[in-house]
Amino acid sequence: MTRYVRNMRGYGPNPPKAAWPNDAKVAVQFVLNYEEGGENCVLHGDAASEAFLSDIPGAAQWPDQRHWNMESIYEYGARAGFWRLHRLFTGADIPVTIYGVATALARSPEQVAAMKGAGWEIASHGLKWVEHKDMPEDEESASIAEAIRLHTEVVGERPRGWYTGRCSANTVRLVAEEGGFDYISDTYDDDLPYWIELEDRDQLIIPYTLEANDMRFATAPGWVTGQDFYTYLKDAFDVLYAEGCDGAPKMLSIGLHCRLVGRPGKLAALKQFIDYIQSFEGVWTPRRIEIAEHWQTNHPHRRIERPSQMSKERFVDCYGGIFEHSPWVADLAHDLELGPAHDCAAGVHNVLCRAFRRAPQDARLKVLRAHPDLAGKLAAAGRLTEESTSEQASAGLDMLTDGERTRFTQFNTEYVAKHGFPFIIAVRDHNKASIMAAFERRIGNDNETEFAEACRQVERIAEFRLQDLLP
């Protein structure tokens with residue numbers, strides 16, 4: 001049994017209505033990453049200097065050396081950039097969420113006091129601003145615990161949100177297992193918060209962004225001027241605001257760094273964007289923790305039985321009757337590569353159809369022959385399956401006149417004699433008149449054409465049946 005762990009479905013075609021406070025059309029959430037003093041540096045016990053997210057083109061780590069220019073650029077973020085951004089956001093009355101590296105916060109007491117004084121949320125950005133992809137699991141777990149301890153000591157309360165950034169494949173699971181976080185943001189996969197299930201814990205995820213992010217001033221391709229940044233943010237806002245006006249409110253995360261957008265030539269674009277969104281009604285600019293609290297209250301998690309996690313016995317028990325009297329289809333489907341994308345009607349339908357299509361023709365023929373005649377003897381005797389009874393009734397085939405019943409009986413007899421299996425049609429797509437017209441049209445098909453059409457109709461019937469059971 002193969003199971004695919006990545007979730008390629010998300011909310012699917014029908015995301016939840018966010019229902020932001022005061023009927024807001026969009027939530028615009030600003031994150032300020034505070035990393036200065038927590039980056040790679042031999043003074044911090046690291047093996048080399050920092051090389052990530054600075055204004056130094058093509059920067060590389062310097063093993064066993066201090067990189068004076070790199071350190072100086074990070075220091076600008078703490079010394080000047082932070083205060084420029086603090087004045088901008090407090091002046092605009094917009095609270096932000098700080099992603100605070102614990103060791104950086106410990107080295108910046110005035111900035112921490114200013115964050116707290118402004119009522120900003122200080123979420124955790126890990127212990128150090130370093131790469132985690134090759135970090136052993138036990139070492140990363142210990143680093144998470146130490147980040148929480150130091151953050152609590154420096155800030156005065158433990159963080160309720162988490163974002164590592166330079167994370168590993170284990171990060172989200174390890175942070176969720178710690179058990180104390182209202183949200184984790186180490187994903188970039190949606191425009192809305194969502195829940196994940198990790199054993200007995202339901203963990204809220206609030207996705208972050210690497211595109212509506214000033215880090216692209218320091219990457220290629222990226223922003224060249226502040227107007228590049230402004231235009232992108234404006235376009236993103238305009239699209240999401242329009243979606244909100246159409247009844248589908250979303251969330252726009254914007255990522256900022258003190259040493260990047262805190263420079264004067266870049267900050268002008270951010271100020272222009274803030275002025276722009278404040279000219280609209282229905283724009284909510286919360287801290288991230290307020291989004292978490294809203295989602296927990298208005299969209300609490302509800303666990304469901306997931307097809308991709310079912311035993312084969314349970315899967316066949318639930319879906320063995322979707323293809324008429326042919327549980328072998330569900331049995332084969334369960335052996336395919338199922339994952340979260342299959343925990344819906346479309347997903348189960350896809351794997352059932354794949355199992356049906358890969359079966360030899362004689363096996364598929366048996367499925368066709370398992371279907372009852374339309375308005376035939378089984379229906380009259382009340383011996384149809386519950387699904388078939390409901391389907392035939394939906395098209396009025398349980399209330400035929402004597403003349404209509406005679407015509408159906410005649411067509412059924414002629415059709416079976418010619419093709420070797422009953423006439424099959426997804427009656428929910430039809431009424432009595434269109435079913436009769438299809439009968440008259442298809443009875444003249446050659447056997448190969450009609451076999452293919454009957455198989456398509458079987459799959460369509462299965463689709464309707466699954467829509468009655470799954471979202």
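Predicted model: local features only at pLDDT ≥ 70, side-chain atom pairs only at ≥ 80, totals over all residues.
Me: Is the pair of tyrosine 188 and tyrosine 208 stacked, edge-to-face or tilted?
Reply: Their ring centres are 6.5 Å apart. The planes sit at 40°, so the pair is tilted.

Me: How many residues apart are tyrosine 188 and tyrosine 208 in the chain?
Reply: Helices (H or I, at least four residues) and strands (E, at least two) are DSSP runs, numbered from the N terminus. Tyrosine 188 is in the loop between β5 (183-184) and β6 (194-198), while tyrosine 208 is in the loop between β7 (201-205) and α6 (226-245). The pair links distant parts of the chain, and the two are apart by 20 residues.

Me: Is tyrosine 208 buried or exposed?
Reply: Buried means under 20% relative accessible area, exposed over 50%, and partly exposed in between (1.4 Å probe, protein chains only). Tyrosine 188, at 38%, is partly exposed. With 5% relative accessibility, tyrosine 208 is buried.

Me: What about tyrosine 415 and phenylalanine 421: stacked, edge-to-face or tilted?
Reply: Tyrosine 415 is buried at 0% relative accessibility, and phenylalanine 421 is buried at 3%. Their ring centres are 5.9 Å apart and their planes are at 75°, so this pair is edge-to-face.

Me: Which ring does the charged end of arginine 158 sit over?
Reply: A charge sits over a ring if NZ of Lys or CZ of Arg is within 6 Å of the ring centre and within 35 degrees of the ring normal. Arginine 216 lies over the face of tryptophan 223, 4.5 Å from the ring centre. For arginine 158, also 4.5 Å from the ring centre, the ring belongs to phenylalanine 181.

Me: How many salt bridges does the whole structure have?
Reply: Side chains of opposite charge can pair when their charged atoms come close. A salt bridge is a side-chain nitrogen of Lys or Arg within 4 Å of a carboxyl oxygen of Asp or Glu. A search of the whole structure gives 29.

Me: Which helix holds glutamate 137, the partner of arginine 173?
Reply: Arginine 173 and glutamate 137 form a salt bridge, with the closest N and O atoms 3.1 Å apart. Arginine 173 is in helix α5 (residues 171-178). Glutamate 137, 36 residues apart from it, is in helix α4 (residues 137-155).

Me: Are α1 and α3 roughly parallel or roughly antiparallel?
Reply: Axes are lines fitted to C-alpha atoms, for helices over the stretch in contact, and angles run from 0 to 180 degrees between N-to-C directions. Angles under 35 degrees count as roughly parallel, over 145 as roughly antiparallel, 65 to 115 as roughly perpendicular and the rest as oblique. The axes of α1 (residues 68-92) and α3 (residues 109-117) come within 11 Å and cross at roughly 10°. That makes the two helices roughly parallel.

Technical notes:
Residues numbered from 1 in each chain as written. Heavy atoms only, no water. Phe/Tyr/Trp six-rings, centres within 6.5 Å; stacked < 30°, edge-to-face > 60°.
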